[in-house]
Amino acid sequence: MNSTVSLTPPSRKVHIKTFGCQMNVYDSEKILALLQQSHAMEPTEDMASADLIIFNTCSVREKAEEKFFSELGRANEFKLAQPNVVIAVGGCVASQEGQALLDRAPYVDVVFGPQTLHRLPELMRQRQRSGRHQLDISFPEIEKFDALPPARVEGPTAFVSIMEGCSKYCSFCVVPYTRGEEFSRPLEAVLEEIRLLARQGVREVTLLGQNVNAWLHLQNSGADLDFAHLLTEVCALEGIERVRYTTSHPLEVTSTLIAAHGRLPKLASQIHLPVQSGSNRILAAMKRGYTVESYKETVASLRQAKPGLSLTSDFIIGFPGETDEDFAATLQLIEEVEFDGSYGFMYSPRPGTPAADRPDTVPLEVKRTRLQALLAQTDAQAFKISTAMVGTRQRILVDGHARRHTMELRGRTDNNRVVNFPGGERLIGHFVDVRITAAAPHTLRGELVDLL
C-alpha cells in the first residue's frame, strides 16, 4: 500500500483510543499535547469525524489486545470511506508485533512504541512525504521525556511518569519485552514537571511506573537517591498536598520506603501492592522473587509505620498448574491481609513469555468460577471497610461533578474512596472535610462539615 495520505484543513481532529493501565493514559495525554503543538490538532470522541485515529495499546492482558484488534477493524471501515484518514498504532501491542502488525493490517500508516511516542509527529510527516508505512519501536529511553512538551492539565489531579520498563522478568509478563529494561527519569526533571503542574492548580499527583518503587537516581558522587528520597522531595513541593504512586513491587518495598509512609503526612494512606497469588508454589513458578510469608511481613511493616494503611492488590487466577489448594491459599491470604479491593484477572498466555510454554491446565470455566469467588471476597471486605467509615470525618480533594448526579460533587478520600456529596462548584479543586453518611458498594455518600 503506497498511497500518499495527508492531514488537510479545515478539519484537524484526532481520536485517541487508550487501552490498559494508567501509564497508557499518561502517554495518551502526552501524545495529544504533541499533536496540538506539531499539527494544531484537537481531540474528538467521535472516531468517524477524525483525521487521525490513534490506538495506544496494551498487551499485558489478552482481553485488552482482542478489544484493540476489534476497534482497529472499525477504523479500517472509516478509512475505506475516507482514504485520507491516518491510522497510527502505539503502545505495547505495537512494540510486540512490529512489522507483523503492518502485515496483518496494511491499512495502518504508522506504528510506534511506548518509548518512541515523541517521534510520532515526524513519523506522520515521513508517511505523508514518502507514501510508505512508518515503523519505529526502538528503545531510546530518556529521550522520550526530554522531547515531550510541558504538561498541561485541567483539574486538581495529575499523573507523572517517573520511570519506565521492568527488569523483574516475571514468567507471565510481557512488559520487559515491550517497554524494555527499567530506567528512571532524573530527580530534577520529575520535580520540575510537578512544579509546573502545581502552578496550574494540581494538588494531588500520582507517580507512575511499571515498577514505580524501583526508581533510582544515580549520582556521580555519594549514595544514589532512592524512591523514598524522591517521595520526600515531592511532598516538600509547594502546592502539592497529596501524593500517590502505582504500581509497586513487593521486592522494592525498602526500609526507607516503609519509613517514608510513617513520616510523610502528604503520602496517601493507601498503596497498591500486587501479590498475584497466595501460593508459594505458584509464586515460584511466576518468578516473583518473594514468598507469601515475606509479603505478609512487608505488609505488617507498612501498617506498623502507617496504622490504618489501605492495601489493594492484583491477582492472576488460573496460572498454569494452579490447583484448588493453591487457589484456597490465595483466598486465605486475602482474608488474613484484609485487602481493601483487588484487580483479578484470568491468566492468558502472553507471546514470548516463559509461562506461555507451560500447559494451560486450568479449564476456562474453573478460572471464571475462581475469579468470581475472589472478587466476591475482596468486594465484601472493601464494603466492610467502607461501612466502618460511616460517621467518620474524611478529608477529600474535590475533583469534579458526580458521575450519576451532575448537580453534586465528587472527591477522593486519603484511602482512595470516591465520595459523592452536595456542594457548590466553587469547591472543585479544593480539599474539604466531609462526614460520611452512607456506604454503597463502590462509593460513599457524604456531607460537608466546613464550608470554604
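Helix H8, residues 187-199, has 13 residues and reaches 19 Å from its first C-alpha to its last, close to the 18 Å expected at 1.5 Å a residue; the expected span is 1.5 Å times one less than the number of residues. Helices (H or I, at least four residues) and strands (E, at least two) are DSSP runs numbered from the N terminus. This is a predicted model, in which local features need pLDDT of at least 70, side-chain atom pairs count only at pLDDT 80 or more, and totals for chains, interfaces and linings use all residues. Residues are numbered from 1 along each chain as its sequence is written, and side-chain values use heavy atoms, with hydrogens and water left out.

**Confidence**

- The protein chain has a mean pLDDT of 92, and 96% of its residues reach 70 or more; pLDDT is the predictor's confidence in each residue, from 0 to 100.
- Residues 1-10 have pLDDT below 50, and beyond near neighbours in sequence this stretch has 29 contacts in the model (contact means heavy atoms within 4.5 Å).

**Helix H8**

- Leu 187, Val 190, Leu 191, Glu 193, Ile 194, Leu 196, Leu 197 and Ala 198 are the buried residues of H8; buried means under 20% relative accessible area, exposed over 50%, and partly exposed in between, with a 1.4 Å probe and protein chains only.
- The cover over these buried residues includes helix H1 (22-39), strand S7 (157-161), strand S10 (204-208), strand S11 (216-217), strand S12 (225-226) and helix H9 (227-235).
- Just after H8, Gly 201 has a positive phi of about 105°.

- Helix H2, residues 62-81, has 20 residues and reaches 30 Å between its first and last C-alpha, close to the 28 Å expected at 1.5 Å a residue.
- The buried residues of H2 are Ala 64, Glu 65, Phe 68, Phe 69, Glu 71, Leu 72, Ala 75, Asn 76 and Lys 79.
- Among the elements covering them are strand S1 (13-18), strand S3 (52-57), strand S4 (86-91), helix H3 (92-97) and helix H4 (99-104).
- Lys 67 is in helix H2 and is partly exposed, with a relative accessible area of 47%.
- Lys 67 and Thr 57 are 10 residues apart along the chain, and their C-alpha atoms are separated by 9.6 Å.
- Pro 83 sits in the loop between H2 and S4 and counts as exposed, because its relative accessibility is 54%.
- From Pro 83 to Tyr 107 there are 24 residues in sequence and 9.5 Å in space, C-alpha to C-alpha.

**Annotated cysteines and the largest cavity**

- An unreviewed UniProt entry carries the annotation "binding site" for Cys 166, Cys 170 and Cys 173; UniProt positions are given in the numbering used here, feature names are shortened, and annotations may be inferred rather than shown by experiment.
- From this set, Cys 173 is part of the lining of the largest cavity.
- Cys 166 lies in the loop between strand S8 (163-164) and helix H7 (175-178), and Cys 173 is likewise in the loop between S8 and H7.
- Cys 166 counts as buried because its relative accessibility is 10%; Cys 173 is buried at a relative accessible area of 16%.
- Leaving out residues up to four places away in sequence, Cys 166 touches Val 175, Pro 176, Gly 180, Glu 181, Glu 182, Gln 210 and Asn 211.
- A search of the whole structure finds two cavities of 30 Å³ or more. On a 1 Å grid over the protein atoms alone, a cavity is a set of points where a 1.4 Å probe fits but cannot get out, a pocket is an open set with protein on both sides within 12 Å along at least five of seven lines, and lining residues have an atom within 4 Å of a point.
- The largest cavity holds about 70 Å³ of space, where a volume is the space filled by probe spheres set on the points, and points are joined across faces, edges and corners.
- Its lining consists of Val 60, Arg 61, Phe 172, Cys 173, Val 174, Ile 316, Met 346, Tyr 347, Ser 348 and Arg 350.

- Arg 370 is in helix H14 and counts as buried at 7% relative accessibility.
- Not counting residues up to four places away in sequence, Arg 370 touches Ile 317, Glu 322, Thr 323, Asp 324, Phe 327 and Val 362.
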